[in-house]
Amino acid sequence: MYEFIKGTVDFVGPEYIVIENSGIGYQIMTPNPFVFTKEAGKEVCIYTYHYVREDLMALYGFKNREEKALFTRLLNVSGIGPKGALAILASGEPGQVVQAIENEDETFLVKFPGVGKKTARQMILDLKGKLHDLVPDYFPNLFNTDEVAATISQSTEFDEAVLALKALGYSEKEIRKITPDLKKETLTTDQYIKKALQKLLR
């Protein structure tokens, strides 16, 4: 329905961003909303996917068409819904996901929230050999820390990162395990999320 929405970043939260265009605020779910923190108040272009089912209508947004394409292909896999597909993309390394599928690396795939052995196997069966156009070179690093501006305190940023991880499907127990390591450094929300995902996916 919508290929993209161009507008001003009005709000950034743990689960979604709001893009204002012509007086209308579009709530858009994204893999890691905090990558848009540095663009608050600025105009951006978000490539969108309009998801519709009986009890839900939602917009999902991505920084480029390649991310969107991988998201839509993940949705075609039995056992993966929008939340699961976002969690996979939020790893910040979609190229690794493509590589894991091509290499039939179930061990890597089951590290994502909601992805068990059965779903990992289904991802490989459904997508292997069909992702050649989604090579890693087309995926920018979603967590370019050089571009992230630290605008709020460490405590607030850490709390926001925890909320974002929970929104992606990680449990309180999983987050508690990595909390001591994360709190050793003063980072931005985006950096906390990147570091947490790296640890959770080991």
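**Legends for close-up views of a predicted model**

**Figure 1. Order of the secondary structure along the protein chain.** Read along the sequence, the protein chain of this predicted model follows the pattern β-β-β-β-β-α-α-α-α-α-α-α-α. The secondary structure comes to 8 helices and 5 strands. The protein chain has 202 residues, of which 46% count as buried. Among contacts between residues at least 6 apart in sequence, 59% join residues at least 24 apart.

**Figure 2. Packing of helix 1 against helix 2.** Two packed helices are described by the angle between their axes and the distance between the axes. Helix 1 spans residues 65–75 and helix 2 spans residues 82–89. Their axes lie 9 Å apart and form an angle of about 135 degrees, which means that helix 1 is oblique to helix 2. The crossing of these two helices is right-handed.

**Figure 3. Residues in the contact of helix 1 with helix 2.** Helix 1 contributes Glu67, Leu70, Phe71, Leu74 and Leu75 to the contact. From helix 2 come Pro82, Ala85, Leu86, Ile88 and Leu89. Sorted by class, the contact has 9 nonpolar residues, no polar residues and 1 charged residue.

**Figure 4. The two spans annotated in UniProt.** An unreviewed UniProt entry carries the annotation "domain: Helix-hairpin-helix DNA-binding motif class", covering residues 72–91 and 107–126. Over residues 72–91 the chain is 60% helix and 0% strand, and the end C-alpha atoms of this span are 17 Å apart. Residues 107–126 are 65% helix and 0% strand, with the end C-alpha atoms 17 Å apart.

How values were computed. Residues are numbered from 1 along each chain as its sequence is written. This is a predicted model: local features need pLDDT of at least 70, side-chain atom pairs count only at pLDDT 80 or more; totals for chains, interfaces and linings use all residues. Side-chain values use heavy atoms; hydrogens and water are left out. UniProt positions are given in the numbering used here, feature names are shortened, and annotations may be inferred rather than shown by experiment. Helices (H or I, at least four residues) and strands (E, at least two) are DSSP runs, numbered from the N terminus. Axes are lines fitted to C-alpha atoms, for helices over the stretch in contact, and angles run from 0 to 180 degrees between N-to-C directions. Angles under 35 degrees count as roughly parallel, over 145 as roughly antiparallel, 65 to 115 as roughly perpendicular and the rest as oblique. A crossing is left-handed if the near helix is turned anticlockwise from the far one by less than a right angle, and right-handed if clockwise. Contact means heavy atoms within 4.5 Å. Ala, Val, Leu, Ile, Met, Phe, Trp, Tyr, Cys and Pro count as nonpolar, Asp, Glu, Lys and Arg as charged, and the others, Gly among them, as polar. Buried means under 20% relative accessible area, exposed over 50%, partly exposed in between (1.4 Å probe, protein chains only).
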